[in-house]
Amino acid sequence: MQKSVRLKSFELIAQDINSVDLSLLHALSTGVGWPHRFKDWEFLRRAGRGIAAVDGIGRVFGSAMWFPHGDDFATIGLVITSPRTQAQGTGRWLMQQVFEQCGERRLALNSSIAAHKLYVSLGFTAEATVYQHQGDVAAALPALPPLDGELSELPPDKIEEIFALDTFAFGTDRSRLLTLLSEGASICVLRRDGAMVGYSMCREFGRGHVVGPVVASNDRDAIHLAAVHLKDLTGQFARVDTREKGPFAHFLQQSRLAISETVTTMSKGGPFLNRKANEPAVYGLAGHALS
């Protein structure tokens, strides 16, 4: 695979993203209006792999990352090209570098409207819409449905207790990611008749906090698992990314987390989403890049 690309006036080289100055990556995402903090980039580099498009004097003009989940699946994210190079094929070249690194893995990503045509041309198939709910959490949350079960906090050193439930809901093992997320997150689990039936995480990200992942078997459980975090964030900025359009999404909107953007979940190499009625499912994403 070609490790460099010649643009109109200069050449970009593919460089391991872990060897690039974090401040340059932060400046890249800030330049296109993304909310990632320096600390968010630190975490993402620990969680995944990727490349940066760098010119001959070390300036960063693009990035692309992938996050392995198990041995045969990965999510792709942080595909960024600077405004100066967006119309010059840099995005396609970055994706080709990712494909080479990922090998035969099945892939999934969440595409912006602007990038959708590129991903279709690369063999990705659209599966669902993700609604990005965000805003300052309402001072008083809406009335909650009756709770069926018991909510409790899960210490980070007990994170392995959610692995089996998450694997069933997500479709593949992402225990490494969950372990990393747990280091800086508050974790709540829902048990019914002694069995764990749902969980949620909340952590700092971007302008405030993100509530996700949220795994539950129905809207009622998902609402309680989100509310347990949102009640501690009243008046603060929070974000929840979800593919839901029913009562869970309505609860988020009533909590003043309005839909600010939509992206499209897409897959390559086989279907990604495996939602089944009344079985554990991902109600809240870990993030656009992490899914």
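1. Which residues does Asp-221 touch, not counting residues up to four places away in sequence? Asp-221 touches Asp-148, Leu-190, Arg-192, Val-197 and Ala-216, where contact means heavy atoms within 4.5 Å.

2. On the basis of the note: this is a predicted model, in which local features need pLDDT of at least 70 and side-chain atom pairs count only at pLDDT 80 or more, while totals for chains, interfaces and linings use all residues. Residues are numbered from 1 along each chain as its sequence is written, and side-chain values use heavy atoms, with hydrogens and water left out.

3. Asp-221 belongs to helix H7 (residues 219–230); helices (H or I, at least four residues) and strands (E, at least two) are DSSP runs, numbered from the N terminus. Asp-221 counts as buried because its relative accessibility is 1%, buried being under 20% relative accessible area with a 1.4 Å probe and protein chains only. From Asp-221 to Ile-80 the C-alpha to C-alpha separation is 36 Å in space, and the two are 141 residues apart in sequence.

4. Strand E9 (residues 185–192) has 6 of its 8 residues buried. Strand E8 (residues 150–153) is joined to E9 by 4 bridges and runs antiparallel to it; two strands pair if DSSP finds at least two bridges between them. Leu-190 of E9 faces Leu-151 in this arrangement.

5. E9 also pairs with E10 in the antiparallel sense, over 8 bridges, and Ala-185 stands opposite Arg-203 in E10. The hairpin of E9 and E10 has 2 residues between the strands, and there Asp-193 takes a positive phi near 55°.

6. In H5, the buried residues are Leu-165, Asp-166, Ala-169 and Phe-170. They lie on the same side of H5, because they cover an arc of only 115° around the axis, the arc being that of the directions from the helix axis to the C-beta atoms. Their cover includes strand E5 (73–81), helix H6 (175–182), strand E10 (195–205), strand E11 (208–216) and E14.

7. A pocket is an open set of points on a 1 Å grid over the protein atoms alone, where a 1.4 Å probe fits, with protein on both sides within 12 Å along at least five of seven lines; lining residues have an atom within 4 Å of a point. Helix H5 (163–170) and strand E14 (281–284) each supply at least two lining residues. Among the lining residues are Ala-169, Phe-170, Ala-281 and Val-282.

Definitions and conventions
Buried means under 20% relative accessible area, exposed over 50%, partly exposed in between (1.4 Å probe, protein chains only).
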